[in-house]
Amino acid sequence: MKILLLGKNGQVGWELQRALQPLGEVVSLSRKVDDHIGLSGDVADFQKIADAIRVVSPDVVVNATAYTAVDKAEEQKDEADLINHLAVKNLAELCKNANALLVHYSTDYVFDGQGVTPWREDDKTSPINTYGASKRAGEEALEQSGVQFLNFRTCWVYAARGHNFIKTMINLAKSREELNIISDQIGVPTGAALIADVTAHAIRYYSANKVEQVDLHGHYHLAPNGETSWFDYANFIFTQVREKGLELKLKQVKPIATTAYPTPAQRPLNSRLDTNKLQTKFKLHLPDWQQGVEHVLEEIIE
């Protein structure tokens, strides 16, 4: 099997470089031209992507690129649409023509964030901000293209690499005595390593089950078991790092409502994801969310 990975240096892309290796030959690209093979994974440059797919001739294309600056997207609508929608549409057309499976990643932001029930794959989508709208437009491009695709919607992504909530909380707790953390947004912290491992498992299962492939195409929700608020998530982090011997200046953590912390982009209150379809279709088991967070904390603190 030959796999083309786009976005190798992002949080998920970095973990995918590791997780995909046992499956076959992996060609990993970033936006910069790879000096060894002369190819670029810049999805915004449609010709460069076409060249990469033509030269590599992959069986599977894994797109780990995305515009993820949720608040900036409110002003940079065209850029968000280019990366999250138009580039995905181009990838879908190229993969269809090449008869390659396209693996893509999306978000719970395609929903409106209302209610308390975990979102199912067939629930009505209704994004409440520009970022979510751009990601949903990318999903629609996949659906309309006729390409063979697996699209994993996830939420609250973190990793030892890059910027994320865990690192932000630790840095703030080192310098401040008091923090106000939002308590009415509920979701599931999802590790980039878990996303990568599930992706590799899904590709392996898909490749080994030729008869089932058409039935496997579509959207899947990918997150660990359980749920939490940003407030409880933060407190879990603080407890863990203190137990590991890290000194924090922090003395008090106060819960606040989303309305008390206005942002340019509206945030969903309900980011819960129902993962039953993923676990059933691909015959896998998902861990509790705390396990992945503890693992990454070990990496960060060491």
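I worked from a predicted model, in which local features need pLDDT of at least 70, side-chain atom pairs count only at pLDDT 80 or more, and totals for chains, interfaces and linings use all residues. Residues are numbered from 1 along each chain as its sequence is written, and side-chain values use heavy atoms, with hydrogens and water left out.

**Thr 190**

I found Thr 190 in strand S9 (residues 190–191); strands are DSSP runs of E, at least two residues, and helices runs of H or I, at least four, numbered from the N terminus. Thr 190 has a relative accessible area of 0%, so I list it as buried (under 20% relative accessible area, 1.4 Å probe, protein chains only). I noted that its side chain reaches the backbone oxygen of Val 188 at 3.0 Å.

**Aromatic pairs**I counted 13 aromatic pairs (ring centres of Phe, Tyr and Trp, the last by its six-membered ring, within 6.5 Å; planes under 30 degrees apart are stacked, over 60 edge-to-face, the rest tilted). Trp 156 and Trp 230 are stacked, at 3.6 Å centre to centre and 20 degrees between the planes. Trp 156 lies in the loop between strands S5 (149–154) and S6 (157–158) and Trp 230 in helix H8 (residues 230–243), so this pair ties together parts 74 residues apart in sequence. I then looked up Tyr 233 and Trp 289, whose ring centres are 5.8 Å apart with planes at 80 degrees, so the pair is edge-to-face. Both Tyr 233 and Trp 289 are buried. One aromatic cluster includes Trp 156, Trp 230, Tyr 233 and Trp 289.

How values were computed. Buried < 20%, exposed > 50% of the residue type's maximum accessible area, 1.4 Å probe, protein only. Polar contact = N/O pair within 3.5 Å; in protein donor to acceptor, adjacent residues only side chain to side chain.
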